[in-house]
Amino acid sequence: MSLLDVRDLSVVFQRRGEQPFTAVDKVSFTVEPGQTVGLVGESGCGKSVTSLAIMGLLPKRGNKVSGEVLFEGTDLLKLRPDDMRDRRGREISMIFQDPLSSLNPVIPIGVQVAEVLERHQGRDRRQALREARDLLDAVGIPDPQRRLSEYPHQISGGMRQRALIAIALACKPRLLIADEPTTALDVTIQAQILTLLKQLVDDTGTALVMITHDLGVVAGLCDTVNVLYGGRVVERARRHELFAHARHPYTHGLLSSVPRLDSPRGERLHAIRGSVSDNIPWAVGCAFAPRCDNVVDACLEGPPPLEPTATGGDLRCNNPVSEEVAVL
Amino acid sequence: MSDPITQAGTPAPRPGDDKPRPGMSERSIGLLGDRKKARLDELARAGVDQGGVSLVRDAVRRLRRNPVAIVGAVIVGLFVLMAIFAPLIAPHDAVQRFDELTKNLTVDTIPGASGDFPLGSDPLGRDFLSRMIYGARQTLFVGVLATLIGLALGVLIGAIAGAFGGWVDVVLMRLTDVMLALPSLLLAITLVAMASRSSQWTVIFAVAIVSVPIFARLLRGSMLAQRESDHVLAARALGVKERNIVLRHMLPNSLTAVIVQATLTFAVAILDAAALSFLGLGDPDINRAEWGLMLGVDGQRYFEVRPELAYYPALAIIVVALGFTLLGEAMREAIDPKNRR
C-alpha cells in the first residue's frame, strides 16, 4: 500500500455570482514510504492548492474538494476535523515558502518548536524545550541553546527555514510536504537547505512531497516527478527519465529554458510563448495547446487522456516531443 | 605603509583569523577601501556583540532616542509619583478646613497665597495645593481603572469576534457600531444619568464603557488579519488546537495596537472623567479632591472671585493628558514594525 495515494483530487473555487474556477482537476499521484516526489509547474498550476487540500487547510468556505486522499488507506478528506488535526504535524507535516512569515513573530523559536512536541507527544514544557534544542542542533543551527530564546526576526533566513524544518520533523512524521521551501532564500542557502532536507528524509525515512517550480531542485532531490499544467498532471516520470527524455512539450519547454553554461555566447534563452492566461479550459481541449509548438488538430478537439508510457511514466499529449534535450 | 596592497586576482595574504567571505571583500581595494573595510568590520562586531535584542527592548531603545517620548514619559512619571506619594508631598491634609482660611472666607473673597498655604484656600477653607496634589491620586485612579476595564471588555469582545468570525462577529460588531455612533461624551453622560445614584464608580464605568468599542474594533481587525497570516496557517499545519491558535498565535500578535491605544485612551479617560465631574455628574462626595470636580464646581462658581481655582486644575488636566498622548504616540511609533531596523 502506498503511503499517500491521491485519487482524482479536484478543488473548485466557487464564489457566489462568479464562474467556478477549477484550480486542481482530477489530480492523481502516489507517494511510497521514504520516496521523494516532485510536483512541478509554474505559478497558478495548482501545486499549492493540491498540498493545502491534502493537509485539509483550505478555507472552509468558497471551495469544493472532491476525490480521495488516502493516507495509509484512510481517506483524509473524510476525517473529522479533530482527527485530521491530530494527524497534522504528527503524521503529515508541511513547510511553507516564506520562513519569516511562517514563524510567529512574538514567540521565541524554542517555544515554537516545543509547542508541537507538547501538542502531539504530550511532553511538558521543560522536556519539550530540551528536545527542541536537540532538534535545532540536528538541523544544523549553531549554538541551539541560545537560539531557543531568540525571536524569528533575530536569526537569518536560512536559519529560520532550518527552524521550520526542525518543527515540521519534530514528531517524525511519515510524510513531509514542502511547498517551495527554498524560494525565499538566496542560492547558496537554497543548496544548504536542500542538502539538509535530503539528509533528514534519508535519515528518518520520511517521504517527501516537494512542490517547486525550480527544476534544479527536482534534479537534485526527487525520485518521481509530476508535472502539473492548468490543474492537471500532464507528465509523470522518474527523474532520470524526465530529464533525459521529456516527452510533453511543456516539460520540454521548461527544460530547454534552463540556462546552460555550455551554450554558445549570445544565444537567446528558449522561452515558452504566451502566458498561463492563454490557457483554454480542459473541457475544450488541451490547456497547453495555445502555447504549444507541437499542436495538432486533435489537441483542440477534447482533452487528451493521461496514458502510460513505455518507460513506466504517464503522459497527457497527442503529439509528444521525440527529440532529446540534454540538460542539467 | 603597513597595509599590504594586493593585486586584483591574487589571493589576499591575510592572517588566519579573518574568515573568508564571498565576493569582493577579500580583495584589497586600496588604502581608502581598507580603511572603510576596517570600519565596517568594527561596526559588524559592535552589532554582533549586543546579542539578542527582544522586541520589547528594541522598542524601548527607540523610545529612549525619541524626545517626544521622553517629554511624555517625564510628565507621566512625575504625575504617577505625585499620585503615589501624595500624603508625603502635600503640606496639609486635603480634607481638613483650616481656621486661618475659613475666617477670611466671605462671599467675594477667598484667601490667596500665604506662608503656610502656597496656593491659598479653596472655597471651603481647605488647602488648595494639597487638594491639587491629592487630585492626582484620584485622577490616576479613575483613569487607570476606566482604561483597564475598557481594555478588558474591549479585548474580550474583539477577541471573540475575531476568533469566531461569522454571525458572532456580525452581532458584536453591530453592537459596537451602535456605541460608536454616539459621541463618546454624550454616551458617557447617558450612562451616568441612567445610574440611580452617581458615585465615582458610575464615572469609572461610564468612561470605561465608552472606550470599549474602540478596543474591540481595533483588536477584531488585527485578529482577522492574523487569521489570514502565514504563521497561523503554519500552526494549523502542525495540528495546533484552535484554542491555542487563538490564544498563542493570533491574540499576542494583535495586542500591540490595543496596548498603544490604551495609553491614548488613558488621556481621553482623564478628560472624560473630568468632563463628567465638570458637568456635575461626577462624585457627589465634597471631600474628594478631583481635578474635574475642582474645575467644574469650585472653579466655575468662583471664577470671578479667584480664577486660579479654575486655572490650576485645568492646567493639570491638560498637562497630564498631553503627557499620556505624547507617550502613547511615541509608543505607537516605536512598536510599529515599519520602523523596525
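The model is predicted. For the complex, the predictor gives an ipTM of 0.84 and a pTM of 0.74. In the model, 26 residues of chain A are in contact with 19 residues of chain B.

**Confidence in chain B**
- Chain B has a mean pLDDT of 79. In this chain, 82% of residues reach 70 or more.
- Two stretches of chain B have a pLDDT below 50. One is residues 1-28, with 19 contacts in the model beyond near neighbours in sequence. Another is residues 47-52, with two such contacts.
- Confidence in chain B is lowest in helix H1 (residues 30-49), at a mean of 61. Helix H7 (residues 166-181) of chain B has the highest, at 91.
- Where pLDDT is low, the predicted coordinates should not be read in detail.

**Where chain A touches chain B**
- On the chain A side, helix H2 (81-87) and helix H3 (109-121) are the elements that give two or more residues.
- H3(A) makes the largest share of that side, with four residues.
- By type, the chain A side divides into 11 nonpolar, six polar and nine charged residues.

**Helix H1 of chain A**
- Helix H1 (residues 47-55) of chain A is largely enclosed by the rest of the structure, because eight of its nine residues are buried.
- The buried residues of H1(A) are A:Lys47, A:Val49, A:Thr50, A:Ser51, A:Leu52, A:Ala53, A:Ile54 and A:Met55.

Definitions and conventions
Residues numbered from 1 in each chain as written. Chains lettered and ligands numbered in written order. Predicted model: local features only at pLDDT ≥ 70, side-chain atom pairs only at ≥ 80, totals over all residues. pLDDT = per-residue confidence, 0-100. Contact = placed C-beta atoms within 7 Å. Nonpolar A, V, L, I, M, F, W, Y, C, P; charged D, E, K, R; others polar. Buried ≥ 20, exposed ≤ 12 C-beta atoms within 10 Å, placed from the backbone.
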